[in-house]
Amino acid sequence: MATSTGWFYWAILSAVFAALTAIFSKIGIQGVDSDLATLIRTAIIIVVLSVFVVYTGKWSNPFELSSKTWLFLGLSGLATGASWVCYFRALKIGEASKVAPVDKLSLVLVAVFAFAFLGERPSLREWSGIAMVAGGVLLLAFKR
């Protein structure tokens, strides 16, 4: 999967696992505080990912990373934590079929942020697709 399209297969798997996350989480948070559920989920992720990194031989000294890497991975971690807390709270009180599409509005925001901060320049065709995703999110979120 080292080809230029290899990313697509990993992205599809990410989407599948994200969908399963929504379903499993909605079932799992019944009768549990959403913040506690987020903590449990995070602890499981830490254990599983630690084993995976060690098992695959990818462990290296994290203190040898640059301060820029630490800063942005730290900010990413904070954003992830905030996202998970908000997502679990939304799932706790809303329908998974409505919460998950709104959560995917992040796709639209990534495109806008990548344009503004990373200098990425989607084509008119790509912006049209992004706009359709935004419209689809709104259509699904506010269905009657």
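Contact here means heavy atoms within 4.5 Å. By this criterion, Phe-88 touches Ser-25, Ile-29, Ser-34, Ala-37, Thr-38 and Arg-41, leaving out residues up to four places away in sequence. The model is predicted: local features need pLDDT of at least 70, side-chain atom pairs count only at pLDDT 80 or more, and totals for chains, interfaces and linings use all residues. Residues are numbered from 1 along each chain as its sequence is written, and side-chain values use heavy atoms, with hydrogens and water left out.

The protein chain contains 6 helices and 0 strands. Helices (H or I, at least four residues) and strands (E, at least two) are DSSP runs, numbered from the N terminus. Read from the N terminus, the order of elements is α-α-α-α-α-α. The C-alpha trace spans about 50 × 45 × 30 Å along its principal axes. Among contacts in the chain with a separation of 6 or more, 65% join residues 24 or more positions apart.

Of the 144 residues in the protein chain, 16% count as buried. The chain exposes about 11000 Å², and carbon and sulfur atoms supply 74% of this area. Accessible areas come from the Shrake-Rupley method with a 1.4 Å probe; for residues, only the protein chains shown count as cover.

The interior was examined next. A nonpolar core is a set of buried Ala, Val, Leu, Ile, Met, Phe, Trp, Tyr and Cys residues joined through side-chain atoms within 4.5 Å. The largest such core has 9 residues: Ala-22, Ile-29, Ala-37, Tyr-87, Phe-88, Leu-91, Ala-96, Val-99 and Ala-100. Helix 3 (67–93) and helix 4 (96–103) each supply at least two residues of this core. In soluble globular proteins, nonpolar side chains tend to be buried together. Phe-88 belongs to this core, and its contacts include Ile-29 and Ala-37.

Ser-34 is another contact of Phe-88. Ser-34 lies in helix 2. The residue is buried, because its relative accessible area is 7%. Beyond its neighbours within four places in sequence, Ser-34 is in contact with Phe-88, Arg-89 and Lys-92.

Charged pairs were then counted. A salt bridge is a side-chain nitrogen of Lys or Arg within 4 Å of a carboxyl oxygen of Asp or Glu. This rule gives 2 salt bridges. One joins the side chains of Asp-35 and Arg-89, at 2.5 Å from N to O. Asp-35 lies in helix 2 (residues 34–55) and Arg-89 in helix 3, so the pair ties together parts 54 residues apart in sequence. Asp-35 is partly exposed, with a relative accessible area of 30%. Arg-89 is partly exposed as well, at 44%. Asp-103 forms a salt bridge with Lys-104, with the closest N and O atoms 3.1 Å apart. Asp-103 has a relative accessible area of 25% and is partly exposed. Lys-104 is partly exposed at 39%.

Aromatic rings were treated separately. Rings of Phe, Tyr and Trp (its six-membered ring) pair if their centres lie within 6.5 Å; planes under 30 degrees apart count as stacked, over 60 as edge-to-face and the rest as tilted. The count comes to 6 aromatic pairs. Phe-115 and Trp-127 form an edge-to-face pair, 5.9 Å centre to centre with 70° between the planes. Phe-115 lies in helix 5 (residues 106–118) and Trp-127 in helix 6 (residues 124–141), so this pair ties together parts 12 residues apart in sequence. Phe-115 is partly exposed, with a relative accessible area of 35%. Trp-127 is partly exposed at 27%. Ring pairs also link Trp-7, Phe-8 and Tyr-9 into a cluster.

Trp-7, Phe-8, Tyr-9, Trp-10, Ile-12, Leu-13, Val-16, Phe-17, Leu-20, Ile-23, Phe-24 and Ile-27 form a nonpolar patch on the surface, with about 1300 Å² of accessible area together. Patches are made of residues with over 30% relative accessible area and no salt bridge: like charges are joined within 9 Å, nonpolar side chains (Val, Leu, Ile, Met, Phe, Trp, Tyr) within 5 Å. Leu-20, one of the patch residues, lies in helix 1. Leu-20 counts as partly exposed because its relative accessibility is 34%. Ala-18 is also found in helix 1 (residues 6–28). Ala-18 is partly exposed, with a relative accessible area of 25%. Ala-18 and Ile-46 are 28 residues apart in sequence and 17 Å apart in space, C-alpha to C-alpha.

Technical notes. Buried < 20%, exposed > 50% of the residue type's maximum accessible area, 1.4 Å probe, protein only.
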